[in-house]
Amino acid sequence: MPLHINIQDLIAGRTVESDRIEYKKGWNPGSIYRSICAFANDIEDIGGGYIIVGVEEKNGKPVLPPIGVDDEQIDRIQREMVGYNNLINPVYFPKVEIEEVDGKKIVVIWALSGTNRPYEVPEEIKAKDKRHQYYIRVMSSTVKANKQQREDLIALANKVPFDDRPNTSVSADDISFTLIKEHLRQTKSRLLEWVDDRSKTDILSQMELLSGPPERSHPRNVALMMFTDNPEKYFPYSRVEVVHFPNGADDPTFTEAPAITGPVPQIIRQTLLYLKTAVLQEKIRKIPGQPEAVRIWNYPYTALEEIVANCLYHRDYQTREPVEIRVYPNFIVFLNYGGPSRNFDPNKVQTGPLFSRRYRNRRLGDFLKELDLTEGKATGIPIIKRALINNGSPEAKFETDEDRSYFQVILKIHPDFLNDKVEGAIEGAIEGAIEGAIEGVTKRVKEKLTAVLSIIAANEGKRTPEYAQITGINAKSLERYITTLRNAELIFFSQKATQIGGYYLTDELRSKLSNANNQE
């Protein structure tokens, strides 16, 4: 049967990170079995990987169209692998599928993270004197494990990520064949062509969603998260709850939206749809002296998309707490129970990115990536930050605790969407500060300076190119305005928050803005 993912997307590295794919021009069993062993050991706990035979590699990228593998060689490869698999200690059987790309047949070896780690394999699988070694993946390379890495592999032996564990209290009957078909349709998998002729058990086995012998198999937790109508039946409180506080955090008044439930992809999509219709707003801001208007959002959708998807991806499905979204007049809080891994310093959470050695739900992440609902590993915080910069929004705040029991993201509303009275008072204070500090400028220049200073006030710590991106003002012109503001001692340049430095309000101006805000 074909793979459950689209072969073109796999080869291109769109649905699986490139360091989990190895391209082989031809059948080289020594090198290939060292990589099979490394993927099976999966020291990074990211779900193993794929070896594609019949596709040449150049500078880490596949060369297309593929060279391919002829039928006679395919038969020989499959026969040889039966014996070679038994030379892995303990015995390990990767999945082998034959796919066709651009009229050429290729061999795809899917080596999932093994359940009996650690594995060792002969240095050279065809040698008479077989010396077994442990192999691991380091980025996109297969290397021998050193002493410390071997100890890490042994420690991993009894640590199977929660989503990859079998749920022995249910059977394959609990899985929705309709949801499986829809997933295969959305991912354009050729496996969809087989579902009408094969049993549900066959399809689940092909997708590695069952565990145990055929007579006593059980679905893995990820199958229940993805392909059941009501995952809450198996993982209580697997939902998103949205609460609105219209009068702010200090007022007890609040309203609750209906809880968002269902399979994980459905929860993500429905949560984003709700936020898009009930929370998101757009404004068109005209920059004085500039023909092009700037379109801004109270919260950038890309940031919301990344936060919501990662809340469902990384949450602890054993904790009976929902994902919470609290909407206040001037900010949103996203609270997810299941913080970063133990090897991450919580004091560094604000700076990111989070590089985790252990993924709580690695298979779930693979399925969500196939649906374009998540990006690659360790990309979440950078994507959020970039979306906020591009929208001219204040920086996000990321929080966790020493026990890593939760992860919280706070997004502040774009300054242009602040309460009109407060916004007016602050803008008045900025205009007043400019009038008092800068003389002899035209009304047009004063408007420009006010706009630039407002942007800096909302986005401190950035440099001229970033402010140019936010405002849409030419970088050279912007540099002149910033120099004027610095000479007037309204802003200053500092390296306190970043190695490359950025602009900040002076204490005197900050005090004026604070007073204006408090008066309102």
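Entry 1: I began with an open sheet of 6 strands, which run in the order 13-12-16-17-19-18 with mixed pairing. I note here that the model is predicted. I looked up the edges: strand 13 (255-256) and strand 18 (397-399) each pair on one side only. Then I went to a pairing inside the sheet. Strand 17, residues 331-336, and strand 19, residues 407-412, are antiparallel to each other over 6 bridges. I picked out Leu335 and found that its bridge partner in strand 19 is Gln408.

**Entry 2: what packs on the sheet.** I checked helix 9 next. Helix 9 packs on the sheet and touches strand 12 (240-244), strand 16 (323-327), strand 17 and strand 19. I read off an angle of about 20 degrees between the direction of helix 9 and that of strand 17.

**Entry 3: nonpolar cores.** I asked which residues have the most contacts inside the largest nonpolar core. They are Met207, Ile268, Leu312, Phe334 and Leu411, in a core of 65 residues. Helix 9 (residues 301-314) gives the largest share of this core, 8 residues. I then listed what Leu312 touches, leaving out residues up to four places away in sequence: Val240, Val264, Ile267, Ile268, Tyr317, Val323 and Leu364. I also found a second, separate core, of 40 residues, with Leu10, Trp27, Cys37 and Val108 among them.

**Entry 4: aromatic pairs.** I counted 13 aromatic pairs. I looked at Tyr50 and Trp110 and found them stacked, with 5.7 Å from centre to centre and 5 degrees between the planes. Where in the chain do Tyr50 and Trp110 sit? Tyr50 is in strand 2 (residues 49-53) and Trp110 in strand 6 (residues 104-111), so the pair links distant parts of the chain, 60 residues apart. Tyr50 has a relative accessible area of 4%, so I logged it as buried. Trp110 is also at 4% relative accessibility and therefore counts as buried.

I set down Phe245 and Phe254 as another pair. Their ring centres are 5.9 Å apart and their planes stand at 40 degrees, so I recorded the pair as tilted. Phe254 is at 44%, so it goes down as partly exposed.

I also noted a cluster in which ring pairs link Phe162, Tyr234, Phe235 and Tyr317.

**Entry 5: charges over rings.** I found Lys181 over the face of Phe177, at 5.3 Å from the ring centre. I found Lys283 over the face of Phe417, at 4.9 Å from the ring centre.

**Entry 6: Thr201.** Thr201 is in helix 6, which covers residues 200-206. Thr201 has 37% relative accessibility, so I put it down as partly exposed. Which residues is Thr201 in contact with, leaving aside neighbours within four places in sequence? They are Ala172 and Leu210. Ala172 is 29 residues from Thr201 along the chain, and I read 6.8 Å between their C-alpha atoms.

Notes
Residues are numbered from 1 along each chain as its sequence is written. This is a predicted model: local features need pLDDT of at least 70, side-chain atom pairs count only at pLDDT 80 or more; totals for chains, interfaces and linings use all residues. Side-chain values use heavy atoms; hydrogens and water are left out. A nonpolar core is a set of buried Ala, Val, Leu, Ile, Met, Phe, Trp, Tyr and Cys residues joined through side-chain atoms within 4.5 Å. Buried means under 20% relative accessible area, exposed over 50%, partly exposed in between (1.4 Å probe, protein chains only). Helices (H or I, at least four residues) and strands (E, at least two) are DSSP runs, numbered from the N terminus. Contact means heavy atoms within 4.5 Å. Two strands pair if DSSP finds at least two bridges between them. Axes are lines fitted to C-alpha atoms, for helices over the stretch in contact, and angles run from 0 to 180 degrees between N-to-C directions. Rings of Phe, Tyr and Trp (its six-membered ring) pair if their centres lie within 6.5 Å; planes under 30 degrees apart count as stacked, over 60 as edge-to-face and the rest as tilted. A charge sits over a ring if NZ of Lys or CZ of Arg is within 6 Å of the ring centre and within 35 degrees of the ring normal.
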